[in-house]
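Work through the exercises below with the model open beside you. Try each task before you read its solution.

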Amino acid sequence: MFKKAVQQLLNQIDSGGDLIPMTSVYDSEKFKPLCLVCRRMGGPFWRKAKYSCTEFKLKQILIDDDSLPTAQQSDLSFQFSESLDMKGYALVNNNPHIANKMRETIVLKGIKQVHVDVPELVQNLETRKVGRSWEFVKKNYSGRLCVVTETLICVQPITLKKANKKELGLNMTLFDIVPAGAGYHFATESTQCIPEGSVLAFKVWDLTVTKDGTLCLSNPKKQSQTKSWMSTDSTEVGGIEGFGICGELQCLDDGLKQHLLDLVCQIIEDSELLSILSDVLSDACAGMDYNLSELNQLEEGRREIGENLLAIWSEEQLKNATEDQLVKAVSFLLAALEDLSPATLQLLMKSLKMQILSQQFTLLTTIFNDIEHGQVDQVLKVGTEIFTEDAFGTTAEMLNEIGLHLERDRVEKKRELSLYELSIALCCLNALSSH
């Protein structure tokens, strides 16, 4: 819930996409300017880098005690809009009304930007060298070491409310809210409070050390998305050429397939649980120690679902998950599902019930191959004769969510695509649902 809310916030205020959303309220104190963090080097290949905190600040790895640039602050104000499709009762001016769709626009005040001047910091570090603590930090933290240069911090508490299991409706409450119209209060199933001073998003620069021990900063490179997602030794999955990794799911016995599929369907209904489990398995597959503290803080029913998934493998197997293709396949599936929009997830579940995942994956693979051959901005010819009207309508809605406009004999790219995530989700879910 926290991660989805922050991502919606960044969609409003960060057009350049440079800010990195926090995925959890915990440890936010360790993501303040001049703190050291690690950028994950492994995990699902299509995802953007993820960051974990360390116990160190920049000054602690330097030999001398000279001061570093002071962090500067500035207040931010932005407009947050949310449309909710809900059936049920809402309170409008303390009177109950039937609500099918309501738009609420609120102005949130109380977010501040805290940052250091990067050119000044680079100049400050030009002749400064690292001490013995640098080797200790590199040895004890897995991933590329970075320094935080900017953060967005809430200066007042924020309350997030989850409207229902199907959709994430967010009602953000701060002390200085200016409603644009009547106030709405929805009955919710769970609430999360973001404390005052929590970091919502941040920026980093990479740390490197020259041969003579001088510390340098460099702008982090964005991870490239290449064609390596399609396995060279792919296997036949339900009559479709898919990922080699999905063969691990296809080869399971029917009982375990159904058990995994049932658990995944329950997890999709809970975005917070999906995010936690995705991080746990992604850490395991990257050879990193995983942390179950967030899972343990969930209420019993939701925690039990997560524990049932993790119980399929022993803890020892999880820690050696780089050699366990089944764990890797499930990790890729959960990570792909987490990166898809709630609307896309609902269409995936609908497609699963309609038993059309196989046809959808074939169509998406055809589109991807054409795009890879240079037809990025052209209209692509596709065949959809195998789809019934209902199946075609559902498939068109799904592709529209990831940036493709589909007609019966053509498809056109509208914006940057999310082909990787949807392709993996389709292939893995199809493998689990085939018997």
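**Exercise 1. Find which residues of helix 5 meet helix 8, then describe the contact and the crossing.**

Step 1. On the helix 5 side, the residues in contact (heavy atoms within 4.5 Å) are His259, Leu260, Leu263, Gln266 and Ile267. They meet Ile305, Asn308 and Leu309 in helix 8.

Step 2. Sort these residues by type. Five are nonpolar, three are polar and none is charged. Here Ala, Val, Leu, Ile, Met, Phe, Trp, Tyr, Cys and Pro count as nonpolar, Asp, Glu, Lys and Arg as charged, and the others, Gly among them, as polar.

Step 3. Now turn to the geometry. Two packed helices are described by the angle between their axes and the distance between the axes. Helix 5 covers residues 254-268 and helix 8 covers residues 300-310. Their axes come within 10 Å and cross at roughly 145 degrees. Axes are lines fitted to C-alpha atoms, for helices over the stretch in contact, and angles run from 0 to 180 degrees between N-to-C directions.

Step 4. The crossing of helix 5 and helix 8 is left-handed. That term applies if the near helix is turned anticlockwise from the far one by less than a right angle; clockwise is right-handed.

A note on the source: this is a predicted model, in which local features need pLDDT of at least 70 and side-chain atom pairs count only at pLDDT 80 or more, while totals for chains, interfaces and linings use all residues. Residues are numbered from 1 along each chain as its sequence is written, and side-chain values use heavy atoms, with hydrogens and water left out.

**Exercise 2. State how many helices and strands the protein chain has, and what share of its residues is buried.**

Step 1. Count the elements. The protein chain has 14 helices and 17 strands. Both are DSSP runs, numbered from the N terminus: helices are H or I with at least four residues, strands are E with at least two.

Step 2. Look at burial. Of the 435 residues in the protein chain, 49% are buried. Buried means under 20% relative accessible area, exposed over 50%, and partly exposed in between (1.4 Å probe, protein chains only).

Step 3. Look at contacts with a separation of 6 or more. In the protein chain, 73% of them join residues 24 or more positions apart.

**Exercise 3. Work out how strand 11 pairs with strand 1, strand 6 and strand 12.**

Step 1. Learn the rule: two strands pair if DSSP finds at least two bridges between them.

Step 2. Take strand 1 (residues 20-21). Two bridges join it to strand 11 (residues 199-209), and the two run antiparallel. Proline 21 stands opposite alanine 201.

Step 3. Take strand 6 (residues 144-154). It pairs with strand 11 in the antiparallel sense over seven bridges. Valine 147 has tryptophan 205 as its bridge partner.

Step 4. Take strand 12 (residues 215-218). It is antiparallel to strand 11, over four bridges. Leucine 207 stands opposite leucine 217, and aspartate 206 has serine 218 as its bridge partner.

Step 5. Check the faces of strand 12. Leu215 and Leu217 form the covered face, whereas Cys216 and Ser218 form the uncovered one.

**Exercise 4. Describe the loop between strand 11 and strand 12, with threonine 214 as the example.**

Step 1. The hairpin has five residues between its strands, and glycine 213 takes a positive phi near 90 degrees.

Step 2. Is threonine 214 buried or exposed? It counts as buried, because its relative accessibility is 10%.

Step 3. Find its polar contact. The side chain of threonine 214 pairs with the side chain of aspartate 212 at 3.0 Å. A polar contact is a pair of N or O atoms within 3.5 Å; within protein, one must be able to donate a hydrogen and the other to accept it, and residues adjacent in sequence count only if both atoms are side-chain atoms.

Step 4. List its neighbours. Not counting residues up to four places away in sequence, threonine 214 touches Leu125, Glu126, Arg128, Lys129, Thr208 and Val209.

**Exercise 5. Decide whether leucine 34 and glutamine 355 are buried or exposed.**

Step 1. Leucine 34 lies in the loop between strand 1 and strand 2 (35-39). Its phi is positive, about 75 degrees, although it is not a glycine. Leucine 34 counts as buried because its relative accessibility is 15%.

Step 2. Glutamine 355 lies in the loop between helix 11 and helix 12 (357-372). Its phi is near 60 degrees, also positive in a residue other than glycine. Glutamine 355 counts as exposed because its relative accessibility is 66%.
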